[in-house]
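Hi,

Here is the structure I promised to pass on. Have a look at it first, then read my notes below.

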Amino acid sequence: MGNSDEYQKLGMGRSITRRDFLNGVAVGVTGAYAALNGPNVFAAQQPSSGKNESSDAANYPPLRSALRGNYPDAVAEFDHIHEGKYTEFPVADNEIHEEYDLVIVGAGISGLSAAHFYRTALGTDRRILILDNHDDFGGHAKRNEFHYQGRTFIGFGGTMAIATVYPYSYGAKALLKELGVAVERYPEFVNHELETKYSLASAMFFDKEHFGEDRVVAGHGRLPWKDFFAKAPLSDAARNDLIRLHGKNPDYMAGLTVEEKKAKLAKISYQDYLLNIAKMDPGALPVFLGDGERNNKRVDTMPALEAAQHDAVGFNGLGLKLGASYNEGSFFFHFPDGNASIARLLVGKLIPAALPAQQSMDTIVQASLDYAKLDEPNSRMRIRLSSPVIRVQHEGSPETAAWVKIAYRRDGQLYAVRARNCILACYNRLIPSLIPEIPSRQKEALEYPVKVPMMYTNVLLKRWTAFQKLGVSRFSAPGMYYPYVSLDPGTKVGGYEGVTTPDQPILVHMIANPNKPGLARKEQNRIGQQELLSTTFEQFELQIRQQLGRMLAAGGFDPAEDIVAITVNRWPYGYAYTYDSLADPDVPIEQRPHIIGRQRFGLVSIANSDAGAAAFTNQAMDEANRAVQELLVRQGLT
Ligand SMILES: Cc1cc2nc3c(=O)[nH]c(=O)nc-3n(C[C@H](O)[C@H](O)[C@H](O)COP(=O)(O)OP(=O)(O)OC[C@H]3O[C@@H](n4cnc5c(N)ncnc54)[C@H](O)[C@@H]3O)c2cc1C
């Protein structure tokens with residue numbers, strides 16, 4: 001932690017004054033929420049732009065600030081569940097009062113989609129309850145909102161976009177269509193003003209810990225590599241090798257057939273390839289730090305073959321003939337709050353009273369959602385938030401039971417409901433502890449994956465003149481705590497105006513994947529999870545202020561004055577685990593753990609993107625569809 005002078009310079013501890021001055025959220029908010037956020041919260045809010053006039057953070061979760069994502073209260077029960085505290089079903093049968101056709105555990109895209117598919121198949125008169133441990137629905141698809149200077153600023157706290165390496169299935173595309181989302185309209189809304197009007201580009205920030213001095217080099221990916229690396233603080237050997245690797249490479253594996261090359265590349269890391277096959281100077285390696293393709297596959301854990309498939313540098317002389325990969329950009333859409341807009345559209349379908357009528361992709365971004373309507377006693381479709389499920393058990397044998405009971409905690413109390421069917425759209429690793437009766441082979445498979453720790457932080461700046469002066473809209477900062485930092489211009493969907501002039505506020509998006517280079521990927525994930533779970537908001541805040549202060553110093557940035565609000569979305573339980581040729585055995589698909597793990601067990605089906613071993617919204621939808629189909633087949637309803 002810094003000393004007190006540094007604290008003051010960075011603006012640490014200004015929060016209370018600023019919060020009071022701005023008439024912010026903590027004024028008048030007491031109890032658990034205030035305690036959760038502690039004294040360093042400064043969710044700066046002023047009278048809103050009129051979109052959510054009556055909203056404040058007490059009844060509108062997207063406005064909550066400081067630690068979000070898998071915030072501490074939401075996951076407090078997970079350790080107890082894992083430790084086997086609820087081996088016995090914790091609520092007496094005679095205390096169970098609510099009964100449902102279907103109970104869904106998890107209000108992420110998968111859980112919400114499952115409810116939608118079930119109602120589509122069997123009608124809207126079915127009684128459905130969705131339980132989630134967070135105070136907001138959407139799971140990873142999380143909306144962050146800030147009200148400041150009479151405007152609303154919307155950011156994505158998790159799932160950023162409709163984008164996938166696995167093409168959307170017919171079912172997932174049909175669902176998007178039903179929700180009124182037309183991805184082909186993206187060019188209407190995309191916001192290129194930063195690049196066009198203000199001529200901003202990407203930069204790399206070289207930090208003194210890895211490169212001997214702090215230096216911004218703009219023009220990353222735009223300048224010829226020779227000119228770009230000429231400006232970087234590197235040794236001549238490292239610089240020359242980086243220029244070589246970014247250009248036309250010789251065949252470093254000459255003498256091997258294409259198949260032999262591929263087989264070898266599948267079994268070594270990208271780092272091994274760069275250092276030992278392409279003979280890169282080790283002084284150049286820090287440039288690759290932080291470069292993490294999906295799933296914490298970094299330079300040390302990414303199989304070289306996958307790196308080649310992703311067009312990483314150094315392979316173009318090998319003649320690998322990898323074939324054209326699926327073009328992710330061909331099916332892409334980004335709402336300002338990411339796929340939280342999809343979650344909101346789904347909620348609008350499930351519980352129309354929660355949103356004004358006739359929502360569409362054009363209106364949903366700015367629509368006001370009434371959280372009080374989510375769990376109304378007379379509604380046949382209910383979403384109950386802040387309710388972690390701790391135990392699921394059949395009443396009798398899973399093969400013959402007519403009911404399954406589901407226990408959850410809410411406001412410190414234990415409750416239970418009973419259902420004809422249950423879908424677990426939560427996390428695979430938790431399932432064996434939620435329902436310990438599951439066969440041991442299936443349990444083992446469910447425990448195989450380790451979700452990827454991730455952090456998406458949104459920082460509201462009073463102005464972004466520092467970015468403009470540097471000519472930069474986004475940084476990659478290899479080796480720093482947040483390797484990616486970017487202005488978030490927002491998409492102009494439904495009249496939302498994200499970009500402002502440089503003297504006006506804007507959101508900055510910062511991405512980190514805590515890990516421990518050198519270890520196996522799953523081990524890195526575990527360590528990263530622990531790091532996220534044990535770091536306080538104050539520690540994150542200090543990192544953020546220090547990093548932005550250093551990167552933007554030459555642009556005149558003042559962290560104390562320019563930072564208005566911070567929302568740290570920590571996701572120790574982030575992306576679903578996906579396999580790779582370095583870390584996972586090469587077995588036929590039917591022997592993969594996610595296939596063995598997701599089998600229906602009695603009245604219980606398993607959804608969620610973990611069940612698809614793929615961290616994508618379309619997978620979450622597809623797994624929901626499969627889980628619902630399984631329940632229908634079991635009941636002979638197809
Ligand atoms: C930071 C981040 C960025 C991403 N970006 C993208 C992207 O751009 N595009 C893309 O397609 N995908 C992206 N993803 C992947 C994302 O996981 C999927 O797109 C999708 O949102 C997953 O939905 P899900 O419902 O399967 O899981 P989740 O969103 O994880 O939802 C599961 C829900 O179950 C809840 N739950 C767990 N245990 C319990 C319990 N015991 N009781 C009650 N509730 C419980 C969880 O808290 C959560 O709310 C991103 C993920 C992260 C973390």
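Predicted model: local features only at pLDDT ≥ 70, side-chain atom pairs only at ≥ 80, totals over all residues.

In which loop is Gly-283 found? Gly-283 sits in the loop between α13 (270-277) and α14 (304-309); helices (H or I, at least four residues) and strands (E, at least two) are DSSP runs, numbered from the N terminus.

Residues are numbered from 1 along each chain as its sequence is written, and side-chain values use heavy atoms, with hydrogens and water left out.

Back to Gly-283: its relative accessibility is 37%, so it counts as partly exposed (buried is under 20% relative accessible area, exposed is over 50%, and partly exposed is in between, with a 1.4 Å probe and protein chains only). Gly-283 and Lys-197 are 86 residues apart in sequence, and their C-alpha atoms are 37 Å apart in space.

Now the ligand. The residues around it number 35, and the closest are Asp-132, Asn-133, His-134, His-140 and Ala-161 (a residue counts if one of its heavy atoms lies within 4 Å). Some of these make polar contacts, meaning pairs of N or O atoms within 3.5 Å. A polar side-chain atom of His-134 is 2.9 Å from a ligand oxygen atom, and for His-140 that distance to a ligand oxygen atom is 2.7 Å. Ala-161 uses a polar backbone atom, 2.8 Å from a nitrogen atom of the ligand. On its own the ligand exposes 990 Å², and the protein buries 98% of that (areas by the Shrake-Rupley method with a 1.4 Å probe). Elements giving two or more residues to this shell are α5 (109-122), β12 (454-461) and α23.

That brings us to α23 (residues 617-634). This helix has 18 residues and reaches 26 Å from its first C-alpha to its last, close to the 26 Å expected at 1.5 Å a residue (1.5 Å times one less than the number of residues). Of its 18 residues, 13 are buried, so α23 is largely enclosed by the rest of the structure. Asp-622 lies in α23 and counts as partly exposed because its relative accessibility is 22%. Just after α23, Gly-636 takes a positive phi of about 65°.

Cheers

Methods: Polar contact = N/O pair within 3.5 Å; in protein donor to acceptor, adjacent residues only side chain to side chain.
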